[in-house]
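Here is a brief report on helix packing and salt bridges. The structure comes first, then the details.

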Amino acid sequence: MKLFLNIREALRALRANKLRSVLTMLGIVFGVAAVIVMVAIGAGTREQIRAEIERLGTNTLMISPSSSRTAGASTGSGRRPSLTDLDAMAIAIEVQDVLAAAPIVRGRVNMVFGNRNWSSSVQGTTDAFLAARDWGLSDGRNFDQDEIAFGGTVAIIGQTVARQLFGDTDPIDRMIRVNHLSVQVVGVLEPKGQSMDGGDFDDILLMPLVTARNSLLGRVAGRAQSVNTIIVRVAEGISMEWVAQDIAPLLRQRHGLLDDEEDSFRIRDMADYLRMQEAANSAMTTLLGAVASISLLVGGIGIMNIMLVSVSERTREIGIRAAVGANPRDLLLQFLVEAVVLSFLGALIGALVGMAGILMSEQIFEMQTAFSVEAFVISAGFAAVIGVVFGLYPAWKAARMQPVDALRHA
């Protein structure tokens, strides 16, 4: 019962000085709001990274040409045409636990169907692409062996391309113009969604490697069989590092590299790359959360300051309470509850401000967030602890006042 009376008395005291109470709570409000927003953004980014890992595949290796040096100067990664479609074939045949290896050449093309046109990314590849990317078809079929071997004028399109060119029309077996080439659509990919950088996985056109290289994009750096990338899919449960260690000597042998020569290629585990992004994001979220927590500490100092002022202003009131029977513990509890109520109200308002900040991040800045109840509970609990810690000294000061001295206060 005493606790409820003290809470009611604390609310009465706060109402008596509304502006001062609001200004005192601001540190707690902004601290709690900042913590909630930072945790929500961090959680949303982690979910986005996990979704992208699932889309790329947790057991996918990406092999690309490495940088080369000419007269001591690096020409940059990917400028050395060291990979060929025969390398992809050798990896698929000779390396154990490899399910598929797809060579890829890339570029951009303009497509036209009827009175609609669209510019998109084109990837020339083989029938192994779908298995390598673990990407299914929502309609149609994959490339057949004749189309792969002889360069058939056929294409598989992503969902975005299908929507932009065909709308509600069934694209299967329709003819489109890709740059100057008439191409038949034989398949539509399942939706993949967006990447973390805002790119659209579904804005893609697949064509047989021979067709894309010879009729649309041209040869990579003038070499007949060169490709930009090789995507390798590894069997589930197999160490990606072990497979990469098997691929490296095979490629070195095929490229005729001596022992003292650098690799002419790079092998990357895409899941590890994204996990590094996740680790960096977690570290940044923790740092920003720690910075936001400083606002809570500043708010706690503000509470202590205002409570000391309150004790000084209410010295005569304290003397009267003590004179009519209030013991030091009652006085201690009164001012301590007042400090806790002040900080807890700040936490509640901060939670509302934080939720508004999350909505703004989603609607205005188009950031993916995930509200965390745990973050709110921790912030509110931390705010209550701050109220106790920083309100304890003023409450103790009020409790140890002698009634006679307090009553003499003018």
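Is Arg141 buried, partly exposed or exposed? With a relative accessible area of 35%, Arg141 is partly exposed (buried is under 20%, exposed over 50%, partly exposed in between, with a 1.4 Å probe and protein chains only).

## Basis

This is a predicted model: local features need pLDDT of at least 70, side-chain atom pairs count only at pLDDT 80 or more, and totals for chains, interfaces and linings use all residues. Residues are numbered from 1 along each chain as its sequence is written, and side-chain values use heavy atoms, without hydrogens and water.

## Salt bridges

The whole structure holds five salt bridges (a side-chain nitrogen of Lys or Arg within 4 Å of a carboxyl oxygen of Asp or Glu). One of them pairs Arg141 with Glu147, with the closest N and O atoms 2.8 Å apart. Glu147 counts as buried at 9% relative accessibility.

Arg254 bridges to Asp87 at 2.6 Å between the closest N and O atoms. The pair links helix 8 (residues 240-254) to helix 3, 167 residues apart (helices are DSSP runs of H or I, at least four residues; strands are runs of E, at least two). Arg254 is partly exposed at 39%. Asp87 is buried at 2%.

## Helix 7

Helix 7 spans residues 209-217, and its buried residues include Leu209, Ala212 and Arg213. Arg213 has 4% relative accessibility. Arg213 forms a salt bridge with Asp85, the closest N and O atoms being 3.1 Å apart. Asp85 lies in helix 3, so the pair ties together parts 128 residues apart in sequence. Asp85 is also buried, at 17%.
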